[in-house]
Amino acid sequence: MTEDGTVDGEAGEAGEEEELLTIGAFAARARLSAKALRLYDRLGLLVPAQVDEASGYRYYRASQTERARLVALLRRLDMPLARVAEVLAAAELDGPGAAGLLTAYWADVERRVAGQRTLADYLRGRLSGRSEDMYGKFAVETVEVPAQVVITETRHTLVGELPAWIGASLGPLEEAARECGGVAGPPFVVYHAEVSMESDGPAECCVPVADERAARAWAEARGRSWDTAVRVEPVRRLAYTRITKAQVAHPQIQTAFDAVGRWITGQGLAPAGPCREVYFADWEAAGPEDPVCDVAFPVR
């Protein structure tokens, strides 16, 4: 080992081989901790050039510094280690491909931050006593809904996964309903418990179906593989407010739920079942300001 923390290369090729750095010397050069280097090694992100079989000491080549810095910089973007590995793998094959992965990741970050910014505004309104101004934007009414036979899929899901799951679930359910006499009403999503970053429901996607017997036969034959069921939704009196496509996004939709809940209390009513979202419009065709959904609570 030399005085600067390097060791000679392979015997007979020392003049051609790049000198190896101890983990301490390499960590200093890459501006990383030895602990981080060991983690990156375990995950396959930055494998040492050589490991001494007897001592277990790790050695790195100076040329690995660029990869080490790239890992560190990607981590400063809070990129999960699994996605860092994807970017590194793409960088080895195709620089533009790696850049595309980074672009996609950062777009996800910006969407998340935009949602958090909106949530912060909502919470500031609640904490500063401006809640009444926010709730006053929602007109609440009641409607009587007759009993319906529904074909459903239930899933435990967190709020970040919820929109994608609803879209993926309602399409097949509506297709199944068309095979069973037709879709008999607007689809809806029932929340049997809170869906948030920590709470995973469950939520239940429901599509009213015209032919109960055909629906039960369909569910028995094919529905078990994706947790479908058929049940009778009883007569409901719903307190609801109508919201636009833009307001479906979290946390705007939470404000709508809170507004309906406060209206129910103010009217001396009581909830009579889990809250729900009723989707009555063509989601893909709707614009941001088009009404698409009723946020509702069964009441008695």
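This section describes the sheet, the nonpolar cores and the salt bridges of a predicted model.

The strands β5, β10, β12, β11, β7, β8, β6 and β9 form, in that order, an open sheet of eight strands with antiparallel pairing. Its edges are formed by β5 (140-145) and β9, each of which pairs on one side only. On average, and with direction ignored, neighbouring strands of the sheet are turned by 30° against each other. Within the sheet, β10 and β12 are joined in the antiparallel sense over seven bridges; Thr241 has Val295 of β12 as its bridge partner.

The largest nonpolar core comprises 40 residues, among which Ile166, Tyr191 and Ile243 touch the most other members. At least two residues of this core are supplied by each of the strands β6 (148-155), β7 (188-191), β8 (203-208), β10 (236-244) and β12 (291-298), and likewise by each of the helices α7 (162-179), α8 (212-222) and α9 (252-266). Helix α7 provides the largest share, seven residues. With neighbours within four places in sequence left aside, the contacts of Tyr191 include Leu162, Ile166, Phe257 and Pro274. Pro202 and Ala203 are also in contact with Tyr191, as are Cys275, Arg276 and Glu277. A second, separate core contains 25 residues, including Tyr60, Val71, Val87 and Ala98.

Charged side chains contribute 11 salt bridges to the structure. In one of these, Arg58 is joined to Asp41, with 2.8 Å between the closest N and O atoms. This pair links distant parts of the chain, since Arg58 belongs to strand β4 (residues 58-61) and Asp41 to helix α2 (residues 34-42), 17 residues apart. Arg58 is partly exposed, at a relative accessible area of 21%, whereas Asp41 is buried, at 17%.

A further salt bridge connects Arg231 with Glu204, the closest N and O atoms lying 3.0 Å apart. Because Arg231 lies in strand β9 (residues 228-233) and Glu204 in strand β8, the pair ties together parts that are 27 residues apart in sequence. With a relative accessibility of 23%, Arg231 is partly exposed, while Glu204 is buried, at 5%. The side chains of Arg236 and Glu233 likewise meet in a salt bridge, at 2.9 Å from N to O, and both residues are buried. Glu204, Arg231, Glu233, Arg236 and Arg276 are linked in a network of salt bridges. Arg276 of this network is also one of the contacts of the core residue Tyr191.

The loop between α8 and β9 contains Asp227, which counts as exposed because its relative accessibility is 51% and the threshold for exposure is over 50%. Leaving aside neighbours within four places in sequence, Asp227 is in contact with Thr152, Glu153 and Thr154. The C-alpha atoms of Asp227 and Thr154 are 6.4 Å apart in space, although the two residues are 73 residues apart in sequence.

Terms used: Residues are numbered from 1 along each chain as its sequence is written. This is a predicted model: local features need pLDDT of at least 70, side-chain atom pairs count only at pLDDT 80 or more; totals for chains, interfaces and linings use all residues. Side-chain values use heavy atoms; hydrogens and water are left out. A nonpolar core is a set of buried Ala, Val, Leu, Ile, Met, Phe, Trp, Tyr and Cys residues joined through side-chain atoms within 4.5 Å. Buried means under 20% relative accessible area, exposed over 50%, partly exposed in between (1.4 Å probe, protein chains only). Helices (H or I, at least four residues) and strands (E, at least two) are DSSP runs, numbered from the N terminus. Contact means heavy atoms within 4.5 Å. A salt bridge is a side-chain nitrogen of Lys or Arg within 4 Å of a carboxyl oxygen of Asp or Glu. Two strands pair if DSSP finds at least two bridges between them. Axes are lines fitted to C-alpha atoms, for helices over the stretch in contact, and angles run from 0 to 180 degrees between N-to-C directions.
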